[in-house]
Amino acid sequence: MSAFPTEELEQKWKREQDRLRQLVVDQDTEHWQKTQDFSGLERVGGVDLSFIRGDEVNACAQLVVLSYPQLEVLYEDSQMVALTAPYIAGFLAFRETPFLLEALKRLEKNKPELMPQVVFVDGNGLFHYREFGLACHLGVLSGLPCVGVAKNLLQVEGVYKNEEHQSQITALQKGGDSFPLTASSGKVLGKALRSSEKSSKPVYVSIGHKISLDTAVRLTHCCCRYRVPEPIRQADFRSREYLRVHFPAANT
């Protein structure tokens with residue numbers, strides 16, 4: 001892995017993002033998305049990568065599939081991977097997507113009946129420097145509906161963590177309340193959602209692929225037992241637990 005990513009590589013990735021962005025579908029495409037209670041939705045997926053402490057290359061790529069609406073784990077896949085692509089801000093997907101796609105392909109091959117009908121991604125979708133974050137990248141390449149849910153605000157396109165933003169957060173009185181993340185251009189790139197009554201700190205939801213923003217926000221709220229949606233929470237927990245068990249010395 002190169003310690004100094006080249007400008008040539010960054011330009012190549014920008015071109016690839018521009019090409020793939022044209023394929024993003026930002027509307028509801030599935031019947032279950034158009035019903036008030038998500039009737040017909042039975043399986044929701046979550047993905048995450050957790051790194052060995054102090055190691056930027058070796059990580060556990062995690063896929064979980066939960067039942068809906070029960071949110072019980074039906075399937076999990078933990079795989080150690082080596083990330084060879086360099087990290088460049090705004091291009092996280094080029095490091096992580098290949099391994100998340102591999103996990104989905106293993107599931108499709110071994111237990112196709114458990115394929116998720118939607119995947120929650122720990123990261124952003126359209127709410128991104130070039131409106132093509134990890135959730136969009138995974139969605140377009142997998143063909144699955146994807147939702148991006150970030151725990152921290154990406155300050156981009158005129159959206160800032162300032163007093164106005166903080167006052168909007170304070171105005172979120174109950175779980176399910178949200179406000180739009182509006183770019184300088186006036187385009188809504190995502191929404192800040194108070195996902196749980198138990199936490200006043202919002203999550204940041206954006207379209208990944210094959211889902212509308214309003215549906216993505218509503219579904220995220222329905223999948224939250226705590227602040228973070230259960231598919232992502234379980235993927236994060238299980239990937240960290242895998243590292244703790246298999247690499248105890250490196251994670252103490």
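**Pockets in close-up**

**View 1. The largest pocket holds about 920 Å³ of space in this predicted model.** A pocket here is an open set of points on a 1 Å grid over the protein atoms alone, where a 1.4 Å probe fits, with protein on both sides within 12 Å along at least five of seven lines. Its volume is the space filled by probe spheres set on the points, which are joined across faces, edges and corners. Lining residues have an atom within 4 Å of a point; there are 36 of them in the largest pocket, and Asp48, Leu92, Glu96, Asp122 and Gly123 are the closest to its centre.

**View 2. Helices and strands around the largest pocket.** Strand 1 (43–51), helix 2 (93–110), strand 4 (118–122) and helix 6 (230–246) each give two or more residues to the lining. Strand 1 has the largest share, with five residues. Helices (H or I, at least four residues) and strands (E, at least two) are DSSP runs, numbered from the N terminus.

**View 3. Residue classes in the largest pocket.** Its lining has 17 nonpolar, nine polar and 10 charged residues. Ala, Val, Leu, Ile, Met, Phe, Trp, Tyr, Cys and Pro count as nonpolar, Asp, Glu, Lys and Arg as charged, and the others, Gly among them, as polar.

**View 4. The second largest pocket has a volume of about 150 Å³.** Among the residues lining this pocket are Tyr160, His165 and Phe179. Strand 6 (178–182) gives the most, four residues, and helix 4 (163–170) supplies at least two. By class, the lining divides into five nonpolar, five polar and one charged.

**Notes.** Residues are numbered from 1 along each chain as its sequence is written, and side-chain values use heavy atoms, with hydrogens and water left out. In this predicted model, local features need pLDDT of at least 70 and side-chain atom pairs count only at pLDDT 80 or more, while totals for chains, interfaces and linings use all residues.
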